[in-house]
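Please keep the sequence and the model in view while reading.

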Amino acid sequence: MARAQGLVILTVQARTPSLMPPRCASPGAGGAACEPVSGAKKAVLLAGLYLTALGVGGIKGSLPSHGAEQFDERAPRGRKARSTFFNYFVFCLSCGALVAVTFAVWVEDNRGWEWGFGISSVAILLSVPLFAAGSSLYRNKLPTGSPLTTIAKVLAAAALARRRGGGGGGAQSSSNGAVIDRAPSPAGSADDMDEYCKSGDMEEISISDAASPAAEPSRELALLNRAVQCQPPRHGRRLACTVQEVEDVKVVLMVLPIFLSTIMLNCCLAQLSTFSVEQAATMDTRVGRLTVPPASLPVFPVTFIIVLAPVYDHIIVPFARRVTGTETGITHLQRIGTGLVMSVVAMAVAAAVEVKRKDVASRSGMLEDSGKPLPITFFWIAFQYLFLGSADLFTLAGLLEFFFSEAPPRMRSLATSLSWASLALGYYLSSVLVSVVNSATGRGGHRPWLQGASLNHYRLERFYWVMCVLSSINYLFFLFLAVRYKYRNAGVIKVMRTSL
């Protein structure tokens, strides 16, 4: 409901003159420049924006894992259906984006911001009862506490054990290794209870715990194995962790490098809503009698995703399953890697298109900003949108499924949220790169690459080549990680050809 509340606040502000900033003076009127919103008006605006962002974060963080939980991962049919779910989840996101960059943009340009926000508010409010209508049919996972608490507990226990036991990492020995946490028997004496957790002692596993996923901690990230050793009481509480908790934290830590390798891709995607829009704004955006507003240019990548998602799920994946004899056809990391390769190609294409655009401006004598569109169609921009849209489809759906299938059940919402964290960090990184490039290229009296009287004075093609090189290095980093990564559910992924 936070998203609905935020949109309602934005609708009210856009509708109420007393909450809006003063109107800007018309060009050439000689009046005061546009005044930024401040005071109570600014507080209302920020409240609406942050509530909307909070709601979006909650929905995108929980919805993928909730939807994937509806499928039986113990059966091949359920796992295949789950993979289809992630593909069509991205498909539906793109359908919503298509409406946003076409219908919503038209409404806001022609009817006003209050209409755009108002329609969005109504759509969100209608989705709540629609989602609630299926509550009786959902498979709901009972909450087991915050995964962040478990991570903090394991890291704190391992750090305290290391400080108490000195250097080295891991449990003392295989024969004296840690096993699943078990409370002392209620039938034991008081002395037995006092002696239950002595310094250096390890907990034992009962016969009823024999089916637990891990009897001893693995050797990977062995420094964390000390967390399963009994810790001395601190403030009346013990920090001893179960082996399962330690192994769960290890899995999350081991997928973090994969998460980091996708940030650069999202940095490339940030160009779709920044420099690519500025490029298209200087070009001829007419399609017949229709003039396409630059804000609607993201229609290209979302359209490509809408077309590619069903093709991928119903044609490419079945063909790959027959060829490879595996259940997934294309592994999660292969899919993510394909998206990263496409981002490299997209940046190279973007640089070539910018060279073409500036060449047209030069030959037409329009390097100086004349206010008229260049005699080149904005469809040239569609090429970079094609590759970046395809990269988004492969990587986002692949990441969601990878994090969900690899993460422990109690941490799946946290893991799938890493996909959106990667998106946010990528946009932040884009801003940082622009500042760094301008700072580095503006030394010695030179004009920074990304500054000038107009886009024609920018060295945008050089910036795109820098992005291409950085994306290539990032792909090599990902390849290094992917080759060495061991799937947690490797036994589930691979199947015999005869079962297909």
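Of the 500 residues in the chain, 42% are buried. The model is a predicted one. Its chain contains 15 helices and 2 strands.

**Overall fold and surface**

- Considering contacts between residues at least 6 apart in sequence, 79% link residues at least 24 apart.
- The chain has an accessible surface of about 26400 Å².
- Carbon and sulfur atoms account for 64% of that accessible surface.

**A nonpolar patch on the surface**

- A nonpolar patch on the surface is formed by Val99, Phe103, Trp115 and Ile119.
- Together, these four residues have about 370 Å² of accessible area.
- Two elements, α3 (76–110) and α4 (113–132), each give two or more residues to the nonpolar patch.
- Trp115 is located in helix α4.

**Cysteines**

- A disulfide is a covalent bond between the sulfur atoms of two cysteines.
- The number of disulfides in the structure is 0.
- For Cys268, the closest cysteine sulfur belongs to Cys267 and lies 5.9 Å away, so the two are too far apart for a bond; a disulfide requires sulfur atoms within 2.5 Å.
- Cys268 counts as buried because its relative accessibility is 0%.
- Cys241 also counts as buried, with a relative accessibility of 1%, since the buried class covers values under 20%.

Notes. Residues numbered from 1 in each chain as written. Predicted model: local features only at pLDDT ≥ 70, side-chain atom pairs only at ≥ 80, totals over all residues. Heavy atoms only, no water. Patch = residues over 30% accessible without salt bridge, like charges linked within 9 Å, V, L, I, M, F, W, Y side chains within 5 Å. Areas by Shrake-Rupley, 256 points an atom, 1.4 Å probe, with all protein chains shown as cover. Salt bridge = Lys/Arg side-chain N within 4 Å of Asp/Glu carboxyl O. Helix = DSSP H or I, 4+ residues; strand = E, 2+ residues; numbered from the N terminus. Buried < 20%, exposed > 50% of the residue type's maximum accessible area, 1.4 Å probe, protein only. Contact = heavy atoms within 4.5 Å.
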